[in-house]
Amino acid sequence: MNTVIIQYNAGNIQSVLYALERIGMTAVVTDDPTLIQSADKVIFPGVGEASTAMQYLKERNLDVLISELKQPVLGICLGMQLMCRHSEENNTHCLGIFDEQVQKFTTSIPTLKIPQMGWNTICDLKSDLFTSVPENSFAYFVHGYYATLGKHTIAKTDYIQTYSAALQKDNFYGVQFHPEKSALVGEQIIKNFIAL
Amino acid sequence: MLTKRIIPCLDIKDGRTVKGVNFTELRDAGDPIELAALYALQGADELVFLDITATVEKRKTLSELVNKIAHKINIPFTVGGGIKTEEDVSVLLQNGADKISINTAAYIDPTIIKSFAKNFGSQCVVLAIDTKCEADGKWYVYLNGGRQKTDTLTTEWAKKAVDLGAGEILLTSMNHDGTKQGFALDITATLSSTLPVPIIASGGGGESAHFYDVFTTGKADAALAASIFHYKELAIPDLKQYLNNKGIPIRL
């Protein structure tokens with residue numbers, strides 16, 4: 001199994017690598033197009049700001065490369081949001097793999113903090129990504145923007161409103177939460193992705 | 001539903017856990033990695049590692065320790081203690097820390113909050129405040145581990161720090177810390193109601209009811225404790241079950 005983690009100007013890339021190592025797997029962290037294209041599995045992580053990350057990807061033609069990958073691809077957090085069509089975060093045109101829109105959380109209730117930070121449940125799970133993951137399992141989220149519900153939604157979470165906790169279209173998967181930080185549930189999801 | 005977080009805190013000196021731990025099932029009670037792994041297994045929602053190593057030379061061991069923790073622990077963790085520069089932050093994040101916590105250094109030079117938030121994201125910048133309620137009934141900021149009083153009100157410093165980009169506040173009440181008589185509910189609720197970021201309450205948690213109080217009356221998003229967990233006065237699974245039974249949203 002040859003897994004590649006796409007290296008770009010976003011945080012938490014090491015965390016994803018360490019999570020794979022914890023479950024006895026390994027990966028190469030790289031932005032080399034040849035290595036990415038020849039990988040069995042591609043993980044597209046990310047914590048950061050959408051427009052800066054998209055600019056970085058475009059400068060290296062990684063935007064086109066990612067969109068054309070045929071093997072299973074897993075976007076995490078910002079990675080998933082960048083796979084959507086458009087993000088309200090600095091009005092960023094994204095990769096357009098998923099039709100769902102990325103919008104900003106807004107609320108007038110002061111005790112609902114933005115970004116959402118912490119453990120929340122995922123439900124209406126429908127994908128091989130969630131094999132052996134029970135309904136209403138807890139996952140760890142940190143995000144101020146969310147993907148709307150749509151035809152590619154494969155998991156839902158409630159915070160301020162119901163939104164897409166995960167998306168899937170063909171070989172492209174995305175999770176809003178951080179499986180690499182979501183204890184045993186997260187490890188199961190990573191195992192499931194590697195087993196696709 | 002987003003759940004309230006229970007966060008054990010481990011004080012680290014020269015790569016070892018201090019403050020005494022009392023876990024008979026651990027081969028080595030001073031090994032922070034083993035203790036952290038146990039807490040993660042028991043359902044801790046996050047962990048905080050506070051480095052209290054005195055000398056700069058020995059701080060290098062911290063990044064090595066963080067790397068080992070990151071390889072072992074499958075929940076988020078924060079590292080604090082002596083962080084002053086972007087280089088300090090970068091090394092810790094590269095080694096797998098999810099968040100860093102700053103205290104006195106941020107008070108002395110608040111611009112580091114802004115630069116850390118810009119370069120690494122607000123979500124990883126935790127501002128720790130040690131605070132004390134004085135005879136005038138007002139809460140003041142203290143520095144250097146509580147040894148140095150300032151004339152700054154905690155509400156003012158917290159607001160300024162959030163405006164500069166702090167993504168979370170770790171609030172420790174010196175009046176309550178170590179007493180096991182409950183958290184500082186009023187100042188915690190004040191900050192939580194007026195600031196847009198999560199508030200982690202610290203200091204005074206002695207029994208399950210105190211955690212219930214700080215999540216309800218205190219409006220805290222998370223609660224941190226050290227010795228009650230280390231000395232097994234309160235087990236994390238029991239605490240979380242209690243809170244769940246009382247209707248607090250908790251990850252079980």
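1. On one side of α2(B), K60(B) and E64(B) are exposed, that is, with 12 or fewer other C-beta atoms within 10 Å of their own, C-beta atoms being placed from the backbone. The model is predicted, local features need pLDDT of at least 70, side-chain atom pairs count only at pLDDT 80 or more, and totals for chains, interfaces and linings use all residues. Residues are numbered from 1 along each chain as its sequence is written, with chains lettered from A and ligands numbered from 1 in the order in which they are written.

2. The buried residues of α2(B) are L62(B), L65(B), V66(B), I69(B) and A70(B); buried means 20 or more other C-beta atoms within 10 Å. They lie on the same side of α2(B) because their arc around the axis is only 140°, taken from the directions from the helix axis to the C-beta atoms. Their cover includes α1 of chain A, and β1 (5-13) and α3 (86-94) of chain B. Helices (H or I, at least four residues) and strands (E, at least two) are DSSP runs, numbered from the N terminus.

3. Three bridges join β7 (residues 139-143) of chain B to β8(B), and the two run antiparallel; strands pair if DSSP finds at least two bridges between them. Y142(B) has K149(B) as its bridge partner. Four residues separate the strands of this hairpin, where N144(B) takes a positive phi near 50°.

4. I169(B) is in contact with L127(B), A158(B) and L191(B), among others, leaving aside neighbours within four places in sequence. Contact means C-beta atoms, placed from the backbone, within 7 Å.

Definitions and conventions
Contact = placed C-beta atoms within 7 Å.
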